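Dear colleague,

I am passing on the structure we spoke about, with the sequence alongside it. Please open it first, and then read the notes below with it in view.

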Amino acid sequence: MKTIAYCLLFITALIAAPLTLGADADQTAETWFETSYGPLWAKTPYQDVEAILTHYHSEIVTHAADGSLSTTPSREWLTAPMDSWREEGWIRAELTDMTATTINAATAGVMTVWTDYYAGDVTETSCGWYLVDAINGEWKITHYADTPCS
């Protein structure tokens, strides 16, 4: 009888495992990016740095246009450019378009288009690619590459 009980427990675990492998079962990577990450850039990103950082893995791998890869601690990866943008008059960014592609249950690629707002009512468009992974049940950005806006 114990053998049957263990077999049933094992089968139940196998059936349920795919449901728990990815991040929050109620939220796809696309929904997470669009409703949790994107809005943090739309209002007061300088004040929301800590909240933004919770969306990143501890290190970010950047894919440069020349084919090189670099790995940088997330805080440095985010705050150094943010300070530079601020000096240029950048105020905020709005996620204006995105396309997510599911790679597997725990990984998605997200192509984005952002409208960047600068002092003096100047706007620019910037585009990027993010790799998003489910880590310990939470979606995290792990890789990034600038992409041409078409």
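The lining of the largest pocket is made up of 14 nonpolar residues, three polar ones and two charged ones. Please keep in mind throughout that this is a predicted model. The volume of this pocket comes to about 480 Å³, and among the 19 residues that line it, those closest to its centre are Trp 85, Ser 126, Tyr 130, Tyr 144 and Asp 146. Two or more lining residues come from each of the elements H4, S3, S4, S5 and S6.

The next topic is the nonpolar core. The largest one holds 29 residues, and the members that touch the most other members are Phe 33, Tyr 37, Trp 41, Tyr 56, Tyr 130, Val 132 and Ile 141. Two or more residues are given to this core by each of the helices H2 (29-37), H3 (49-53) and H4 (74-87), and likewise by each of the strands S1 (56-63), S3 (90-104), S4 (107-118), S5 (122-135) and S6 (138-146). As general background, nonpolar side chains in soluble globular proteins tend to be buried together.

Leaving aside residues up to four places away in sequence, Tyr 56 touches Tyr 37, Trp 41, Ser 74, Trp 77, Leu 78, Lys 140 and Ile 141.

Ser 74, one of those contacts of Tyr 56, belongs to helix H4. Is Ser 74 buried or exposed? Its relative accessible area is 5%, which is under the 20% limit, and Ser 74 therefore counts as buried. With residues up to four places away in sequence again left out, Ser 74 is in contact with Leu 53, Tyr 56, His 57, Ser 58, Glu 59 and Ile 60.

Turning to the strands, S3 and S4 pair in the antiparallel sense over twelve bridges, and together they form a hairpin in which two residues lie between them.

Finally, Gly 120 is found in the loop between S4 and S5. This glycine has a relative accessible area of 69%, and because that is over 50%, Gly 120 counts as exposed. The C-alpha atom of Gly 120 is separated by 9.9 Å from that of Trp 90, although the two residues are 30 residues apart along the chain.

With best wishes

Notes:
Residues numbered from 1 in each chain as written. Predicted model: local features only at pLDDT ≥ 70, side-chain atom pairs only at ≥ 80, totals over all residues. Heavy atoms only, no water. Core = buried A, V, L, I, M, F, W, Y, C linked by side-chain atoms within 4.5 Å. Buried < 20%, exposed > 50% of the residue type's maximum accessible area, 1.4 Å probe, protein only. Helix = DSSP H or I, 4+ residues; strand = E, 2+ residues; numbered from the N terminus. Contact = heavy atoms within 4.5 Å. Pairing = 2+ DSSP bridges. 1 Å grid on protein atoms, 1.4 Å probe; cavity = no way out; pocket = protein on both sides within 12 Å on 5 of 7 lines; lining within 4 Å. Points joined across faces, edges and corners; volume = space filled by probe spheres on them. Nonpolar A, V, L, I, M, F, W, Y, C, P; charged D, E, K, R; others polar.
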